[in-house]
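Please read it with the structure open.

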Amino acid sequence: MRPTAPHPRRSPLRLLLTAALAITAPGALTACGTGSGSDPDTVEVSYKQSTDNQIRVLDTFLADVKKQFEKANPGKKVKLVPIKAPDSEYYTKVQQMLRSPKTAPDLVYEDTFLINSDITSGYLKPLDDYLAGWKDWDQFIDTAKTAAKAEDGKTYGIPDGTDTRGLWFDKGIFEKAGLPADWQPKTWADILTAARTIKDKVPDVIPLNVYTGKPAGEAATMQGFEMLLYGTEDATAAGASDPLYDEKSKKWKAGTKGFKDALTFVETVYKEELGPEVSDALDPNISTRVRGELLPEGKLGINLDGSWLPQDWLPGSGHEWPDWSEKLGLAHMPTQNGQSPGKVSMSGGWTWAIPDKAANPDLAFKFIETMQTKANAQKWYIANSGIAVRKDVAEDPVYAEAQPGIKFFTDLVSSTHYRPAYPAYPKVSTAIQEAMESVTTGDASVSEAAENYDEELKAATDNQVIEE
Amino acid sequence: MKRPTRPASGPSPHPVLRSLTRALPLTPATVLLLLFLAGPIAYCAYIAFTDLQLTGQAEDSFIGFENFRTAFGDEAFLNAVWLTLVFTVISALIGQNTLGLALAALMQRASKPVRTLVGGIVVTAWVLPEVVAGFLLYAFFRREGTLNAVLDWLHLPTQNWLYTLPILAVSFANVWRGTAFSMLVYSAALNEIPKEITEAAEVDGAGGWRRLWHITLPMIRRSIGTNLMLITLQTLSVFGLIWVMTRGGPSGKSQTLPLFMYEEAFQKSMIGYGTAVALLLLVVGSLFSVIYLRLLRTEV
């Protein structure tokens with residue numbers, strides 16, 4: 001036996017340290033943030049504040065609703081808790097807040113991109129009991145109602161509008177290229193033909209922008225890849241379910257022809273140099289540049305992008321462009337070969353949800369009701385260039401005429417798709433971006449990229465994959 | 001087993017009591033350290049062995065070394081380790097270190113106004129927030145950036161540096177930003193060298209290079225070691241600069257470990273895996289530290 005060396009002098013100090021660790025370590029893990037919910041008369045509302053100080057659309061709107069709410073409910077208070085962060089950091093912050101009853105707000109603004117993930121984590125409360133007694137819910141269109149519906153069939157969030165996507169094109173460039181001002185492609189080939197014509201006749205502009213690769217993030221997946229994928233033969237055939245996810249077997253689809261077709265389109269755009277230079281396309285700031293620079297300066301022929309672009313060109317935004325609607329035309333994205341239903345759009349958007357650990361859920365739902373009266377909803381859609389998900393607002397001429405383009409993008413709602421935003425989706429989306437990036441740079445062929453995607457998909461979804 | 005106890009009476013108080021009294025003033029500091037440093041670190045070490053996710057998971061569980069196994073089987077991780085080493089060697093060991101020493105040495109001989117001016121410029125780069133520096137260098141390297149404007153004016157070929165040579169571009173950015181620190185350390189060290197020694201060597205006919213090799217470098221050896229250790233640890237954890245300039249792209253060609261970690265933990269929400277990578281980064285850092293400490297120990 002080895003004799004133990006006694007350390008009579010050090011042991012008390014060590015004891016002190018150990019004791020301090022034992023006492024304080026758990027404290028360090030939980031003692032963050034301030035307690036909320038102690039006041040049953042205050043509803044705490046967390047939302048995303050723009051990182052651009054000039055953009056205060058949501059803040060202004062919520063301050064207005066707060067005033068209405070406090071007036072209609074004497075003795076009740078609303079505490080607005082803005083979180084100033086870019087999208088991905090906002091999600092992280094909110095998820096950390098939702099983990100503990102001490103930090104969970106009563107109402108939280110959730111992106112449909114991640115809501116299913118948060119539902120699976122048990123962060124949110126099902127709203128079905130509230131919805132049963134809320135007349136206005138009938139005014140929401142059916143596709144929007146499913147935006148925050150989980151796999152368990154319950155609804156966890158109230159959408160406050162949505163977005164759709166389509167083709168923006170520069171009428172000036174089209175005129176120089178001899179293309180019609182009321183351009184409407186019927187197939188993918190029509191788009192490529194127009195782009196080739198522009199490349200030929202107006203050589204100093206970028207013919208066509210399709211977001212691609214990891215730097216563009218979800219914009220590459222949603223504005224780029226999925227706008228193609230959801231229009232392939234695979235996706236539009238009779239009885240076809242979602243092209244990424246099979247609802248019946250609850251598995252992700254690998255090895256589909258549609259996936260390769262969509263990748264081939266991306267490859268063609270960049271191989272034939274119809275898109276931005278590859279190094280520009282893979283610049284993290286590409287989407288800001290498209291909105292702020294390329295389109296307003298007339299350097300981009302066709303842009304596959306979202307309905308919210310005019311938000312950046314409104315008065316007070318810092319880069320006003322009042323006559324954009326005279327310079328730009330709009331066309332819906334066609335299906336691959338023009339097959340029925342002829343057009344494609346993707347939708348996302350944000351919802352208001354009540355955290356599972358909220359202290360005042362009843363009051364929080366009351367706040368949603370105030371926020372979602374027809375008048376308030378309409379005010380909000382117009383203020384943020386949003387697309388209505390309420391039938392009564394969509395039919396209101398005041399809304400439809402508030403901005404050029406609103407009618408075009410609202411009509412796309414009938415043929416739009418929501419992403420299979422299940423918990424694995426963010427990882428699947430990254431895998432799609434990687435596949436796009438490798439065909440964009442030419443590092444991989446379409447079939448190699450598709451194979452890599454299948455591998456990544458297996459890892460990302462814990463092997464919940466079906467091969468076609 | 002019972003330890004023999006000393007008699008209570010005597011010249012000195014009971015050792016336990018004495019230690020406690022001595023430890024008492026340290027207690028607040030110790031508690032704070034434990035609270036804000038050891039606690040989170042211990043928690044992180046624990047998380048690295050779980051499959052904890054930020055979202056998308058009802059319950060997490062303990063999975064042992066699985067995260068580490070995943071990391072070593074993950075090409076993207078190995079790529080990040082390699083790039084981290086390249087980035088550290090180019091920008092810290094070679095760039096910041098030698099440039100800092102050169103600047104410090106040149107400034108020893110420069111006139112006071114020149115010294116103030118150069119020192120001011122270099123230190124400005126250092127005090128700029130990382131993200132601001134990142135944007136400045138993004139503007140310098142991008143296609144329509146300053147560098148290409150200069151090259152174009154000289155009729156030299158231009159290219160998008162952030163796309164063609166991303167790891168070199170971010171390394172250069174880190175040299176630009178961090179050289180001031182080494183310069184300050186070496187300025188202080190060079191000032192400590194007694195003038196008589198250098199003068200004596202000069203009288204003996206030693207040229208500039210010989211004086212540098214046989215006198216200056218050995219005399220500032222400790223400063224070199226300290227400086228290398230500090231700038232290495234700083235460089236290993238550079239995040240904002242690279243994030244702003246390239247986001248680790250294109251195709252992961254500038255994705256160092258901190259960026260890889262961020263992507264796994266917060267974009268793919270794999271907190272457990274991301275934390276395991278953070279621990280491995282800690283290991284890389286301590287390996288470097290051990291090497292420097294050994295270098296420091298050898299006497300000349």
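The points below describe a predicted model, grouped by topic. Chain B and chain A bury about 3500 Å² between them. The contact draws 44 residues from chain A and 41 residues from chain B.

**Interface of chain B and chain A**

- Carbon and sulfur atoms account for 56% of the area that chain B and chain A bury between them.
- Leu54(B), Thr55(B) and Tyr163(B) provide 15% of the area that chain B buries against chain A, which is more than any other three residues supply.
- The size of an interface is often quoted as the accessible area lost when the parts come together.

**Polar and charged pairs across the interface**

- The rule finds 1 salt bridge across the interface of chain B and chain A.
- In a salt bridge, the side chain of Glu263(B) meets that of Lys214(A), with an N to O distance of 3.2 Å.

**Makeup of the chain B side**

- On the side of chain B that touches chain A, the elements giving two or more residues are α1 (15–23), α2 (27–47) and α14 (257–267) of chain B.
- Of these, α2(B) gives the largest share, 9 residues.
- Sorted by class, the side of chain B that touches chain A holds 19 nonpolar, 13 polar and 9 charged residues.

**Nonpolar surface patch on chain B**

- Val132(B), Leu136(B), Phe172(B) and Trp176(B) make a nonpolar surface patch of about 350 Å².
- Two or more residues of the nonpolar patch come from each of α6 (130–141) and α9 (166–192) of chain B.
- Phe172(B) is placed in helix α9 of chain B.

**Salt bridges over all chains**

- By the same rule, 26 salt bridges are counted over all chains.
- One salt bridge joins the side chains of Lys66(A) and Glu70(A), at 3.4 Å from N to O.
- Both Lys66(A) and Glu70(A) belong to helix α2 (residues 57–72) of chain A, where they sit 4 residues apart, about one turn of the helix.

**Backbone details in chain A**

- Most peptide bonds are trans, and most residues other than glycine have a negative phi.
- Ser340(A) and Pro341(A) are joined by a cis peptide bond, with omega about 5°.
- Pro341(A) lies in the loop between β11 (333–334) and β12 (343–347) of chain A.
- Lys250(A), although not a glycine, has a positive phi of about 55°.
- The loop between β7 (245–246) and β8 (251–254) of chain A contains Lys250(A).

Definitions and conventions: Residues are numbered from 1 along each chain as its sequence is written. Chains are lettered from A and ligands numbered from 1 in the order in which they are written. This is a predicted model: local features need pLDDT of at least 70, side-chain atom pairs count only at pLDDT 80 or more; totals for chains, interfaces and linings use all residues. Side-chain values use heavy atoms; hydrogens and water are left out. Contact means heavy atoms within 4.5 Å. Buried area is the accessible area (1.4 Å probe) that two parts lose on being put together, summed over both. A salt bridge is a side-chain nitrogen of Lys or Arg within 4 Å of a carboxyl oxygen of Asp or Glu. Ala, Val, Leu, Ile, Met, Phe, Trp, Tyr, Cys and Pro count as nonpolar, Asp, Glu, Lys and Arg as charged, and the others, Gly among them, as polar. Patches are made of residues with over 30% relative accessible area and no salt bridge: like charges are joined within 9 Å, nonpolar side chains (Val, Leu, Ile, Met, Phe, Trp, Tyr) within 5 Å. Accessible areas come from the Shrake-Rupley method with a 1.4 Å probe; for residues, only the protein chains shown count as cover.
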